[in-house]
Amino acid sequence: MTKLSRDDMDAGARPARSRTFDREERQRAEGTSRRRPQSVHLVDDSLREELSREERDHPPCVPLSMYNELLGSKEKYKGWFNESQAEVDNLRHYIEKNSSGSRSKNSSRPSGRDGQPEQSPSWPELQAQHKALLGHYQQTLDFLRAVNKRDLKQAEFDWAQDLGRLTETENQLKRLQEEVLTAVDRFDPNFDSKAVEKFKLLNGAVGKLSKAKELTKLVLADPLIEWDRAVLWRESFDPSLSSQKLSESEKKLLLRQGIWKWLSAKLFDRSRPFASYSGAVGELATSFPFDRLFPDHETNGNAGKWRSVTIKQLNAHPESEEDKKDLRRQLSLEFATFVHRLLLPQGTKVLIEDVERATTEKGDLSKRLDDALNHALGLSRLLMGERAAFALKSPSLRDIQFTKDEDNDYMTALGHTVGVVDGSDLENDVGGKIRLVGSPMLVKYGDAGGEKLDEETIVVRAFVLMDSSE
C-alpha cells in the first residue's frame with residue numbers, strides 16, 4: 001500500500017490508483033457531455049458518425065416530426081423568451097443592488113407600517129412574481145390576437161374611437177326617443193273617411209283582378225278542393241260548400257278573399273309597417289327592426305308613435321317612379337308564386353315561368369294586378385302612418401253559427417257599401433245564413449293618439465254572401 005504524506009492527508013488526497021480512476025471518470029464524463037443530445041433521432045449521416053457504434057445500432061426512438069415541431073416552437077417563443085430574460089436580468093440586478101446596499105451602513109430601505117425596514121423580496125419570490133407576469137403577458141398576447149390587434153396601443157386607440165361612436169349613437173337614440181314620446185302631431189279628424197274611400201277603391205281593384213280570364217281559367221275549377229288551406233281565412237265559409245257545386249260568382253268571391261289575405265300578409269302586417277317603400281328609401285326603411293324594437297307593438301302605445309314619426313321622415317325622401325315600378329314588379333312575381341303554389345290544381349302542367357310572364361308582361365292580368373298593387377301600396381302607407389293600429393281580418397263564422405243579424409256591426413250583405421260591385425243585389429242589409437266571406441273588415445285598434453290599443457273600431461265591415469235559398 002502506498003503511504004501518504006501528512007500534506008496529502010491534509011489535502012484530502014487519495015491513493016495514486018484512485019486519482020487515476022477519477023481522472024478517467026472525468027474524461028469519460030466530459031466526452032459524453034460533448035456529444036449531441038440523444039433525445040433526438042438524427043437523420044444526417046455525417047452527424048450520425050459522431051455517435052458510438054452502440055448508439056448507431058440502437059438510435060433513440062423520437063420521431064423527426066416531433067423534433068421539427070420543437071425547433072419551430074423554439075423560434076416561435078424565442079422572442080418572448082428574450083423579453084422574459086431581460087426582465088429576469090432586471091430583477092437580478094435589483095436583488096444584487098439591494099443585497100449590496102444592505103451591507104452598507106449608509107444604505108436606506110423603505111420602512112413598513114411598524115417603522116421597521118422592509119425586507120427585500122427573496123430570489124424565489126421574485127421568480128414566482130416573474131412567472132405570474134409571464135402568464136399575464138401570454139394572456140395579453142392571446143387577447144390581442146383574438147381581437148386582431150397588433151399591440152396594446154393600437155387596441156386602446158381603436159377602442160377609444162369605438163367608444164366615441166357608441167356614445168354618439170346612444171345620444172342619437174335618446175333624442176329620437178324623446179322626439180317620439182313628446183310628438184304632438186294632430187291627426188285629421190276625417191282620417192277614417194279617407195281610409196274607407198281608399199279601401200273601397202282597393203276592393204274594387206281586387207274584384208277586377210279576381211275576374212281576369214287568364215287567372216280564372218287556371219284556378220277556379222274547384223277552389224275548396226284544389227286550393228291550399230292557407231289561401232283563405234279560417235272559418236270564412238260554410239263547410240257544407242265543399243260538397244256543393246259553386247256558382248262562378250261564388251268562386252270569384254272566394255278568389256277575392258284569397259287575394260285579400262295575400263295582400264294582408266304582404267303589405268298590412270303590423271310587425272312590418274314599412275313594406276310599402278321602394279328603392280333606397282325602402283332599404284333604409286327595412287333597416288329598422290320594428291318587430292325587434294317593439295315585440296309588444298300590439299299593446300305598446302309608444303310603438304305607434306315611433307312608427308308614425310318614422311314614416312313621416314321617410315315620406316320626406318321621395319322615391320323615383322322606377323323604384324316604385326320595380327317594387328310592384330317584385331310583388332307581381334311573388335303573386336305568381338302564390339298562384340302557382342297554392343291555387344293551381346294538383347298535377348297541373350302549368351309552369352311557374354308561364355304564370356310569371358302572365359303577371360309581369362303586358363296583358364290584361366298584368367294590368368289589373370298592377371292597378372290592385374298600386375292601390376294596396378297607397379292604403380298600406382296611409383294606415384301605417386297613423387298612431388292607431390290597423391289590421392285586415394275576417395270574422396269567424398263558426399263563432400256566430402254561420403248566421404248574422406240585420407245591420408250587423410262587423411259584416412254587411414250590401415257589397416256596394418264596401419266596394420264590392422259583384423255581390424248580391426240586395427236592397428236591405430238582411431240577416432240569415434252566411435255562405436262565405438267575400439272581403440275582410442278593416443279594424444282600428446286604439447285612438448288617434450295611439451292609446452287604448454285594447455279597444456277596437458270597425459272602420460269597414462266585412463262583406464258576406466248570404467244564402468238566398470232561405
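Let me begin with the ground rules. The model is predicted, and local features need pLDDT of at least 70, side-chain atom pairs count only at pLDDT 80 or more, and totals for chains, interfaces and linings use all residues. Residues are numbered from 1 along each chain as its sequence is written, and side-chain values use heavy atoms, with hydrogens and water left out.

First, the chain as a whole. Its secondary structure comes to 17 helices and seven strands; helices (H or I, at least four residues) and strands (E, at least two) are DSSP runs, numbered from the N terminus. Of the 470 residues, 34% are buried, where buried means under 20% relative accessible area, exposed over 50%, and partly exposed in between, with a 1.4 Å probe and protein chains only. Among contacts (heavy atoms within 4.5 Å) with a separation of 6 or more, 73% are between residues 24 or more positions apart.

Next, the sheet. Four strands form an open sheet in the order S2-S4-S7-S3, with mixed pairing; two strands pair if DSSP finds at least two bridges between them. Strand S2 (403-404) and S3 are the edge strands, each pairing on one side only. S4 and strand S7 (residues 462-466) run antiparallel and are joined by four bridges. In S7, Leu465 is the bridge partner of Leu436.

I now turn to Asp429, which sits in the loop between strand S3 (411-412) and strand S4 (432-439). Is Asp429 buried or exposed? Asp429 counts as buried because its relative accessibility is 8%. The side chain of Asp429 makes a polar contact with the side chain of Lys404, at 3.1 Å. A polar contact is a pair of N or O atoms within 3.5 Å; within protein, one must be able to donate a hydrogen and the other to accept it, and residues adjacent in sequence count only if both atoms are side-chain atoms. A polar atom of the Asp429 side chain also lies 2.9 Å from the backbone nitrogen of Ala413. Leaving aside neighbours within four places in sequence, the residues in contact with Asp429 include Glu406, Met411 and Arg461.

Two loop residues deserve a word on backbone angles. Phe402, in the loop between strand S1 (389-393) and S2, has a positive phi of about 55° although it is not a glycine. Phe402 counts as buried, at 10% relative accessibility. Lys452 likewise has a positive phi of about 55° without being a glycine, and is found in the loop between strand S5 (441-445) and strand S6 (456-460).

Finally, the pockets. On a 1 Å grid over the protein atoms alone, a pocket is an open set of points where a 1.4 Å probe fits, with protein on both sides within 12 Å along at least five of seven lines; lining residues have an atom within 4 Å of a point. Grid points are joined across faces, edges and corners, and a volume is the space filled by probe spheres set on the points.

The largest pocket holds about 360 Å³ of space. Of its 14 lining residues, Leu224, Asp228, Arg229, Leu232 and Phe237 are the closest to its centre. The second largest pocket holds about 300 Å³. Its lining has 20 residues, with Arg272, Phe274, Ala275, Gly282 and Thr286 nearest the centre. Helix H11 (248-267), helix H12 (279-286), helix H13 (290-293) and helix H15 (321-343) are the elements that give two or more residues to this lining.
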